[in-house]
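Hello,

Here is the structure I promised to hand over. Please open it alongside this message.

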Amino acid sequence: MFDHLKNSTPTNIICLFGHPIEHSMSPIMHNVAFKDLGLDYVYIAIDITPNSLKQAFEVVRALDIKGANITVPHKETSLKFVDEISPLARRIGAINTIKNEKGWLIGRNTDASGAKKALKEADIDLNGKNIMILGAGGAARALAHSFIEEANNLVIVNRSSNRGKRLASELTGAYHKKVLYKKFKNKIFENILPSIDILINATTIGMLPNIHLSPIPKIFLHEDLTVFDIIYNPLETLLMKEASEIGCRVLGGLDMLIFQGVLSFEWWTNKIPNIELIKKTILNELVMK
Ligand code: NAP
């Protein structure tokens, strides 16, 4: 895997900070693309607990680590450890990518653009649709900020009401469009889902190892729903499986993962990776597991 690295120059290091980290496909994706382009870069996943996150950013500066991805659960708290934040990431309130420019750390959010590109490639149009987003964490925030302008109505459903209410009221204030917050309850799904066109799961429910869980009982799904589950491991979550059985249009998180990763890769290296190679490599890895 690393025989493309050169001995004569210091290798450029890119990290992934998350907790837990085992589920991530990002190291496989970036390392195969670095090797394919003959770039002297290596991508390393590091399990960082919330208490150690500040020190992790200090290490990035001290070791001249060229960049990083930030994943669950650090996307929001990481904002306070960088020197500059892109306007979109500031609006979203979460970063998933940083670039180190001579000790100056810049934070961006490529989840939003990655998700939009995945939906566009799948020919799923958000325009004028009633959208329900499950979750109010880093990924949900990115999706909500990037989908709200096109949506007819947006409903945020989250387990903890403080996080959900905060996101809904921020969106209402920023985009002058009423966004509802609802608590994670079967009654809510029963009452509101019939009027929803696009359901997006941006929670961790159904992600490995909890593959037997779905955020919504099958009984509340209907065939006119388009279901976008941004989880990519497993490739087909229980929600996706049950939605397919009902006849819903279904999209998983793999393409979003690839597109957000490609945007980060291009920002770090100024090179365009081979998307087909990345997809094939990730699929092989997921099927082998
Ligand atoms: P996060 O910031 O930790 O947020 C997790 C969300 O899940 C929160 O809204 C949390 O609700 C909710 N949640 C967790 N356990 C729950 C439970 N038992 N019942 C109800 N709600 C629960 O994580 P994130 O970064 O937003 O990531 C969320 C998911 O998206 C992960 O599965 C991640 O792998 C996936 N993701 C995929 C991509 C991609 O490219 N495909 C990109 C980013 C993220 P509370 O607020 O109540 O805790």
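My notes on the sheet, the pockets and a few backbone details follow. Please keep in mind that this is a predicted model.

The sheet

The sheet is open and has 6 strands, in the order S2-S1-S3-S5-S6-S4. Its pairing is mixed. Strand S2 (41–47) and strand S4 (84–85) are at the edges. Each has a single partner strand, so one side of each has no neighbour in the sheet.

Look next at S5 (residues 97–101) and S6 (residues 104–108). They run antiparallel and are joined by 5 bridges. Threonine 97 sits opposite arginine 108 of S6.

Two helices belong in this picture. Helix H2 (residues 53–62) lies across strand S1 (12–18), strand S3 (67–70), S5 and S6. H2 runs at about 35° to S5. Helix H9 (residues 254–269) also packs on the sheet, where it touches S1, S2, S3, S5 and S6. The direction of H9 makes about 0° with that of S5.

The pockets

The largest pocket holds about 910 Å³ of space. Its lining counts 37 residues, and Val72, Ala139, Ala202, Thr203 and Thr204 lie nearest the centre. S3, helix H5 (138–147) and H9 each give at least two residues to that lining. By class, the lining of the largest pocket splits into 16 nonpolar, 16 polar and 5 charged residues.

The second largest pocket has about 170 Å³. It is lined by 11 residues, with Pro20, His23, Met207, Leu208 and Pro209 nearest its centre. That lining has 5 nonpolar, 4 polar and 2 charged residues.

Backbone details

There is a cis peptide bond between histidine 19 and proline 20, with omega about 5°. Proline 20 is in the loop between S1 and helix H1 (26–36), and is among the residues nearest the centre of the second largest pocket.

Another cis peptide bond joins valine 72 and proline 73, with omega about 0°. Proline 73 is in the loop between S3 and S4. Val72 is one of the residues nearest the centre of the largest pocket.

Positive phi values turn up at two residues other than glycine. Lysine 102 has phi near 55°. It is in the loop between S5 and S6. Lysine 102 is exposed, at 84% relative accessible area.

Aspartate 123 has phi near 60°. Its place is the loop between helix H4 (111–121) and strand S7 (130–134). Aspartate 123 is exposed too, with a relative accessible area of 64%.

Best wishes

Note on methods. Residues are numbered from 1 along each chain as its sequence is written. This is a predicted model: local features need pLDDT of at least 70, side-chain atom pairs count only at pLDDT 80 or more; totals for chains, interfaces and linings use all residues. Side-chain values use heavy atoms; hydrogens and water are left out. Two strands pair if DSSP finds at least two bridges between them. Helices (H or I, at least four residues) and strands (E, at least two) are DSSP runs, numbered from the N terminus. Contact means heavy atoms within 4.5 Å. Axes are lines fitted to C-alpha atoms, for helices over the stretch in contact, and angles run from 0 to 180 degrees between N-to-C directions. On a 1 Å grid over the protein atoms alone, a cavity is a set of points where a 1.4 Å probe fits but cannot get out, and a pocket is an open set with protein on both sides within 12 Å along at least five of seven lines; lining residues have an atom within 4 Å of a point. Grid points are joined across faces, edges and corners, and a volume is the space filled by probe spheres set on the points. Ala, Val, Leu, Ile, Met, Phe, Trp, Tyr, Cys and Pro count as nonpolar, Asp, Glu, Lys and Arg as charged, and the others, Gly among them, as polar. Buried means under 20% relative accessible area, exposed over 50%, partly exposed in between (1.4 Å probe, protein chains only).
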